[in-house]
Amino acid sequence: MDTAHEEATTLTEPKKTTTVSGSVALLEGLIAEGTDTIFGYPGGAIMPIYDALYDYKEKLQHILVRHEQGGTHAGQGYARTSGKVGVVFATSGPGATNLVTGLADAQIDSTPMVCITGQVFAHLLGTDAFQETDVINITTPVTKWNYQVTDANEIPSVLAKAFYIARSGRPGPVLIDITKNAQLQMFEYEGYTPCEHIRSYRPKPLIRKEYIEQAAALINSAKKPFILFGQGVLLGNAEQEFKAFVEKTGIPAAWTILGAGAIPTDHPLNVGMLGMHGNYGPNVQTNSCDVLIAIGMRFDDRVTGRLDKYAKQAKVIHLDIDPAEIDKNVKADVPVWGDCKETLPLLTALAEQKEHTEWVEEFRAYDKTEQETVIQKELNPETGELTMGEVINKLNELTKGDAVIVTDVGQHQMVACRYAKFNKTRSNITSGGLGTMGFGLPAAIGAKFGAPDRTVVAIIGDGGFQMTCQELGTIMQSGIDVKIMILNNRFLGMVRQWQQLFHEKRYSFVDITSPDFVKLADSYYIAGKKVSEREDLGAAIDEMLNHKGSYLLEVMVAKEHNVFPMVPQGSSVSEIRLK
Amino acid sequence: MSNSNDIEITGKQEFTITAYTENRIGILNRIAIIFSRRKINIESLNTSPSEIEHIHRFNIVIHETEEVVRKLARQIEKQVEVLKVYYNTNEDIIWQEMALYKVPTDTIAEKVSVERLLRENGARAVVIRKDYTVFETTGHREETDKLIEVLQPYGLIEFVRSARVAIIKDSDGFNRKLREFERREPGEDVIENEFLDKEKNVFSM
């Protein structure tokens with residue numbers, strides 16, 4: 001922003017003001033921030049905002065969700081495909097408490113979101129008023145920042161701060177709780193000024209040249225360097241910078257599930273997925289590389305397995321925008337603090353052009369083993385029940401890797417992340433850190449609003465679907481085009497897999513029955529089909545993709561099928577099991 | 001000191017965390033839950049204005065390993081409304097706690113040489129009434145504890161000790177740093193990982 005210009009106007013003439021309500025100021029602010037879509041649910045304490053929204057229907061599209069949790073996941077899906085800030089409205093009390101799961105999910109997965117909750121009149125705060133709940137204190141651990149507004153005059157500046165905090169630095173969810181009196185209050189509105197500085201907040205740590213140099217020296221002398229990349233590459237819009245770095249250094253790169261798609265699946269240096277159900281090579285080679293370069297990832301326990309046996313032989317270079325991530329789980333030999341969009345080009349400039357042919361070849365050998373023992377059986381079985389892997393494989397053939405794939409949580413999620421093909425960034429939308437069952441359907445709705453020109457396919461298990469299937473109503477009413485694939489194994493499959501492997505097959509409450517999903521979709525006027533035979537699968541997926549409008553395809557898959565490879569809990573990544 | 005034995009066995013010792021924050025409702029909670037989430041007990045907590053108007057200063061005492069304290073400090077500094085966090089061992093700081101002791105005046109006047117008692121314990125009488133007397137002393141934990149022992153036989157009615165307040169020996173204050181924070185473009189002075197240069201002298205991020 002041009003500060004000099006701003007000062008000039010204030011000096012020569014007083015700012016023009018208009019008298020508006022807090023609610024109108026809020027909506028004007030949202031428009032100024034570039035918001036076009038709001039996911040929300042009205043209620044008593046947020047009624048003045050909804051009343052104002054009635055006159056803003058042309059400028060702000062409001063999507064009525066069927067549960068506030070669905071609103072938050074839709075907001076997340078929207079943010080993840082569009083790169084913009086997701087906006088969610090909810091009322092006080094139960095409306096606000098229903099946001100908690102989505103906020104926690106967005107917090108751990110660094111998704112930029114601004115949630116607006118209504119609150120009882122300021123004079124009723126603390127009186128146990130109807131639908132009063134202490135939303136600020138409930139949401140403090142699961143928000144990057146939150147604030148309660150009791151005076152309309154605060155609304156423009158607090159909203160500006162909220163957007164700035166949500167999207168800058170390491171992004172995250174922000175909640176603003178606005179008391180009803182502030183929504184109604186008329187005040188002198190001076191227009192909206194975006195926030196670009198908060199003195200107590202340092203979104204980007206300064207880049208230290210000496211660490212860039214140390215990192216480059218380590219990389220240049222490495223014989224077996226290995227890159228681990230996460231969502232930080234996407235969040236920093238640094239896909240090009242990342243690709244340039246990988247290609248110049250010739251270093252094999254593996255991804256966390258939230259980093260998937262930062263470089264295309266087919267890229268020759270993309271060696272696959274990390275973690276508990278990741279690929280064989282990346283897990284084993286973590287414990288044989290000499291330099292580990294972690295970019296925008298946080299060494300989650302699902303990625304590292306047993307920490308005291310994790311990459312002990314390697315020098316670790318850690319690039320992250322969040323200083324608190326450095327040394328949190330894995331000690332960094334060279335901490336490269338900063339935005340990877342800025343640090344990666346500096347590193348690329350100092351790095352030598354190289355090809356680590358033999359080292360990359362080692363990954364290929366591990367891949368060959370995995371292909372033979374796991375992948376081919378999973379993707380191209382000739383007999384027996386349908387596998388989740390072959391469903392994803394068929395989908396890849398038909399979408400050619402151009403679709404946005406949204407997943408829920410569980411076995412289908414791991415299979416989809418392992419096998420889905422991604423040509424483009426911002427294509428894999430999943431609940432990574434929190435592992436929120438029920439995320440998939442509402443997130444797919446938001447993903448489609450965030451990327452209206454792309455095909456959005458939600459892949460969901462029979463368990464997770466039943467957690468948020470009321471959002472079929474949102475699809476029905478908004479008329480949005482979301483393709484839903486339920487991979488039905490009649491089990492809470494991932495828990496069942498653990499019970500099989502680690503609890504002597506004591507299948508404790510994992511047997512789950514389902515309604516007729518196709519009829520359920522039909523009752524929401526959504527077309528659908530159920531498929532259980534191999535020969536019908538391709539045509540059914542094709543029909544789904546070519547259908548005009550939303551479509552639900554239920555695929556009956558093998559009941560007791562396990563996701564492999566697997567790093568058992570408490571094991572080292574190099575102890576990964578192929579069966 | 002018992003601390004030195006302790007650190008050899010458990011690696012834990014007393015650390016004083018100093019946080020400069022905006023003076024805003026809710027920041028106490030944001031900081032407190034960083035400890036409670038990790039099941040870490042706060043031994044002492046003081047919040048007060050700092051040398052700069054509108055900026056608050058937290059002094060938090062915990063008993064932990066340095067590694068844990070470093071991670072906690074980073075989590076605290078990550079909060080949007082926290083400006084700066086330092087952590088220090090007891091050797092790095094000048095610290096004091098204040099204590100008040102209420103005793104029955106008749107017993108204390110009859111049985112003790114009050115003057116000697118005050119002198120020996122560095123205490124002073126704050127209030128002397130017919131029915132009770134209130135003494136005050138300032139010092140380290142052992143010193144304030146010692147006066148409890150002395151007064152206990154004379155019918156100590158009430159005792160209260162304040163949180164620790166601490167000044168960091170090796171610091172040049174926060175004023176200069178704040179001016180940098182208020183600039184829109186960070187200057188060279190604000191280097192978040194400067195602790196890597198200063199090593200043990202001052203922790204700062």
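1. In this predicted model, A:His318 stands opposite A:Pro335, a residue of strand 14 of chain A. Four bridges join strand 14 (residues 334-337) to strand 13 of chain A, and the two strands run parallel. Strand 13 of chain A is also joined by five bridges to strand 12 (residues 291-295) of chain A, again in parallel, and here A:Leu319 is the bridge partner of A:Ile295.

2. Strand 13 (residues 315-320) of chain A is mostly covered, with six of its six residues buried. A:Lys315, A:Ile317 and A:Leu319 point one way from the strand, whereas A:Val316, A:His318 and A:Asp320 point the other way, and all of them are buried.

3. A further enclosed element is helix 19 (residues 440-450) of chain A, where eleven of the eleven residues are buried, so the helix is largely enclosed by the rest of the structure. The buried residues of helix 19 of chain A include A:Leu441, A:Ile445 and A:Phe449, and also A:Lys448.

4. Six strands of chain A form an open sheet in the order 3-2-4-5-7-6, with parallel pairing. Strand 3 (61-64) and strand 6 (145-149) of chain A stand at the edges with a single partner strand each, so one side of each is left without a neighbour in the sheet. Neighbouring strands of this sheet are turned by 20° against each other on average, direction ignored.

5. Within this sheet, strand 4 (residues 86-90) and strand 5 (residues 113-119) of chain A run parallel and are joined by five bridges, A:Met113 in strand 5 being the bridge partner of A:Gly86. Helix 6 (residues 100-108) of chain A packs on the sheet and touches strand 5 and strand 7 (173-179) of chain A, its direction making about 145° with that of strand 7.

6. The largest nonpolar core has 174 residues, of which A:Val114, A:Ile176 and A:Ala458 touch the most other members. Helix 8 (residues 155-167) of chain A gives the most to this core, with eight residues. Neighbours within four places in sequence aside, the contacts of A:Val114 include A:Val85, A:Ala162, A:Phe163 and A:Ile176. A second, separate core of 22 residues includes B:Phe58, B:Val61, B:Val69 and B:Leu72.

7. Between the chains, 22 residues of chain A are in contact with 23 residues of chain B. Helix 7 (135-139) and strand 14 of chain A each supply at least two residues of the side of chain A that touches chain B, and the residues of that side divide into twelve nonpolar, four polar and six charged.

How values were computed:
Residues are numbered from 1 along each chain as its sequence is written. Chains are lettered from A and ligands numbered from 1 in the order in which they are written. This is a predicted model: local features need pLDDT of at least 70, side-chain atom pairs count only at pLDDT 80 or more; totals for chains, interfaces and linings use all residues. A nonpolar core is a set of buried Ala, Val, Leu, Ile, Met, Phe, Trp, Tyr and Cys residues joined through C-beta atoms within 7 Å. A residue is buried if 20 or more other C-beta atoms lie within 10 Å of its own, exposed if 12 or fewer, and partly exposed in between; C-beta atoms are placed from the backbone. Two residues are in contact if their C-beta atoms, placed from the backbone, lie within 7 Å. Two strands pair if DSSP finds at least two bridges between them. Ala, Val, Leu, Ile, Met, Phe, Trp, Tyr, Cys and Pro count as nonpolar, Asp, Glu, Lys and Arg as charged, and the others, Gly among them, as polar. Axes are lines fitted to C-alpha atoms, for helices over the stretch in contact, and angles run from 0 to 180 degrees between N-to-C directions.
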